[in-house]
Amino acid sequence: MSYIRWKALLPLVIVLALIVGGTILFIDPAVRRGVEAGGTAAVGAKVDLARARVGVFDGHVTLGGLQVTNPNKPMTNLVEIEEMVFDVGILPALEKKIVIDTMAIRGMRFNTPRKTSGALPKSNEP
């Protein structure tokens, strides 16, 4: 009598491998778009992020080239950050908690000029 159902185990392993592989491949662009969309909604002006790197297994997150536009002066950045590095706890994340062990910011500048306007398009809502 076998305790392992081989006909069910193989599809389960394949599905889990696809989920893990998809997460590893697509998490960086998803984080980049999420930071840009969330930041733009919070500030009311364009937020740009050049790159995002997320280490799924080691909890290492790097965000590079962050530019937050000044909503009152669309050709000026409120803040520009060359690189932000976070070390996030993996075990607390499994419990739906975010614990940042270490955070470092490199190249932070304020009121820097932009090459393009960061103003959001006007909406035609009444």
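Me: Great. What should I know about the model and its numbering?

Reply: This is a predicted model, where local features need pLDDT of at least 70, side-chain atom pairs count only at pLDDT 80 or more, and totals for chains, interfaces and linings use all residues. Residues are numbered from 1 along each chain as its sequence is written, and side-chain values use heavy atoms, leaving out hydrogens and water.

Me: How many helices and strands are there in the protein?

Reply: The protein has two helices and four strands. From the N terminus on, they run α-β-β-β-α-β. Helices (H or I, at least four residues) and strands (E, at least two) are DSSP runs, numbered from the N terminus.

Me: What radius of gyration does the protein have?

Reply: The protein has 20 Å, whereas a compact globule of 126 residues would have a value near 14 Å. That radius is taken over C-alpha atoms, and the globule rule is 2.2 Å times the number of residues to the power 0.38. The C-alpha atoms fill a box of roughly 75 × 40 × 25 Å, taken along the principal axes.

Me: Which residues are in the largest nonpolar core?

Reply: There are 11, among them Val47, Leu63, Ile81 and Phe86. Strand 1 (47-54), strand 2 (60-70) and strand 3 (73-88) each give two or more residues to this core. A nonpolar core here is a set of buried Ala, Val, Leu, Ile, Met, Phe, Trp, Tyr and Cys residues joined through side-chain atoms within 4.5 Å. Buried means under 20% relative accessible area, exposed over 50%, and partly exposed in between (1.4 Å probe, protein chains only).

Me: And what is Phe86 in contact with?

Reply: Leaving aside neighbours within four places in sequence, the contacts of Phe86 (heavy atoms within 4.5 Å) include Val61, Leu63, Ile100 and Met103.

Me: Switching topic: how many salt bridges does the structure hold?

Reply: Six. A salt bridge is a side-chain nitrogen of Lys or Arg within 4 Å of a carboxyl oxygen of Asp or Glu. In one of them, Asp48 and Arg114 meet at 2.8 Å, N to O. This pair links distant parts of the chain, with Asp48 in strand 1 and Arg114 in the segment after strand 4 (100-113), 66 residues apart.

Me: Are those two buried or exposed?

Reply: Asp48 and Arg114 are both buried.
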